[in-house]
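Open your viewer and get ready to select. This short tour goes stop by stop.

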Amino acid sequence: MTDLRDLYQQVILDHNKKPRNFRVLAGANRTADGYNPLCGDQLKLYLDVEDGVIKDAAFQGKGCAISKASASLMTAAVIGKPVDEAETLFHRVHAMLTGDVTASRDTSGNDGLGKLAVFAGVREFPSRIKCASLAWHTLRAALSGARDAVTTE
Amino acid sequence: MSTLIGSSRAPGAAATGWDVERIRQDFPALHQHVHGKPLVYLDNAATSQKPQAVIDALTAYYTRDNANVHRGVHLLSERATEAYENARRRIQHHLNAASPREIVFVRQATEAINLVMASFGRTVVGTGDEIVISALEHHANIVPWQMLCEEKGARLKVVPVDDRGDLIMDEYARLLGPRTRLVAITQVSNALGTITPIDEIIRLAHRANIAVLVDGAQAAPHQPIDVQKLDCDFFVFSGHKTYGPTGIGVLYGKEARLERMPPYQGGGDMIKMVTFEKTIYNDLPYKFEAGTPHIAGAIGLATALDYLAGLGLDRIAAWEHQLLEHGTELLQAEPGVRLIGTARRKAAVLSFVLDGVHAHDVGTILDHHGVAVRAGHHCAMPVMARFGVPATVRASLGLYNTPGELETLARGLREAREIIGG
């Protein structure tokens, strides 16, 4: 039996209540919209990318605790990171959420996820995985310059 | 799970003689644990659980009678055909339709609406014409009409709802005009539970000589249906929401209307004679039933409707109304709960938001209490937009639910507030 506390960890609850980087980023040069048609979660992601580095990141939107905390922790994690490292992080998070343990670690066995590891419990809640991955798919879309809204379906 | 029949919270429960515990014994799926808790199934507007009689009917058909219908000369085919056509007549009687020719088997209400759109709609709707729907509709009664309007250059007119979730009937009357070709409106809102004044809707449309389609998907499981009394031109519902199998539904249409409509799909069974030069279509209702139908589903649905008739649809409606009143009281007493949809006449649907906690999180936490609810937009995104919420939690009740289960729901909400909102 899965425990609700595996899903709703303190860090997640804290970021839900006080989301970091929750604002419009005036100087953004990359944006993307993410949408989960199943539950109506919506978010707009703003990035300021200069010389291949994410200088700043912010988001706005409506969503459940998991999607809001995921977007909050993601923006905090990618600020200051080169684009290719953010891309690697996307793959690690995706692997963690879908339960692919090998792909979520590098060759030395380090997952490099830091605080993002709090979302490991989400994989025990199949209907909630998309809540956690929405922000990350939106990040990828923003980095690749996609114009259409990303959906989780 | 203890029930509170006759308790102060549910006055009059004993008076109806509704033995909910005995009725629950008819539904095997109710007797299981989820996440270590007894299942509390409050997602009946999405689909209902099935009584043993329906499960047995499906098993008996596949065990004994399985054969294709309307074509074999062998005994099994004769038995299957008889059972299938008998199901049609049982459903005809349940709806009080004038003839079995008016009962067309489809996959579900969605397909029935698409059939009417493709066959009736494409014939009678032209450029500049209008179709009237309401702001309460399920996507299944919006999107097909939008598709038709786009194809024909017609316009979709929407009857607005007030803050309680009732249709604004003055606006409805104003929307009916010389270009209106069809009114397609739900009898019961799936998202809010509003019972619409369907008699008045039909009367006003017919006064202007306009055809009416009634989406009965949420009405058929909860109240008696009399299509001749309603005098609607089309009535659609789904088997699986009516305690029957998935993949089977019914389109009722007045015979005179169905006669004039072209076929929906081409194939076997819907023809009398085929040559490469010309095909002569079959009579009603077969004209609209191309290909091998869901024979077992039709038999299962007829069995489900017989089961409901055996319990008494008036008594089902009375029990569910009592549950609705009890649930409304409980939720109104919970801090932070805001009911969405407080229509004067309501079916047993409790749609609500919980302050500071997203519907999706409420859904997950309730699931861990064993309580199955729907969290989301309920395939009615325009309804959510009207009430300014992205999603609601929806507890939709059925004939087997108990006051005790509603108390479990309320306890789950308290925990949701403690975990997320606290």
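Two residues are in contact if their C-beta atoms, placed from the backbone, lie within 7 Å. This is a predicted model: local features need pLDDT of at least 70, side-chain atom pairs count only at pLDDT 80 or more, and totals for chains, interfaces and linings use all residues. Residues are numbered from 1 along each chain as its sequence is written, and chains are lettered from A and ligands numbered from 1 in the order in which they are written.

**Stop one.** Select helix α2 (residues 10-17) and helix α3 (residues 65-78) of chain A. Helices are DSSP runs of H or I, at least four residues, and strands are runs of E, at least two, numbered from the N terminus. The two axes come within 8 Å and cross at roughly 85°. That makes α2(A) roughly perpendicular to α3(A) (65 to 115 degrees). Now colour I12(A), L13(A), H15(A) and N16(A) in α2(A). They meet α3(A) residues including A65(A), I66(A) and L73(A). The residues of this contact divide into six nonpolar, three polar and one charged. Ala, Val, Leu, Ile, Met, Phe, Trp, Tyr, Cys and Pro count as nonpolar, Asp, Glu, Lys and Arg as charged, and the others, Gly among them, as polar.

**Stop two.** Go to α4 (residues 83-98) and α5 (residues 129-144) of chain A. Their axes come within 10 Å and cross at roughly 160°. That makes α4(A) roughly antiparallel to α5(A) (over 145 degrees). Find F90(A) in α4(A) and W136(A) in α5(A), both among the residues of this contact.

**Stop three.** Show both chains. How many residues does each give to the contact? Chain B gives 15 and chain A gives 16. On the side of chain B, α12(B) has the largest share, four residues.

Definitions and conventions
Axes fitted to C-alpha atoms, helices over the stretch in contact; angles between N-to-C directions. Parallel < 35°, antiparallel > 145°, perpendicular 65-115°, else oblique.
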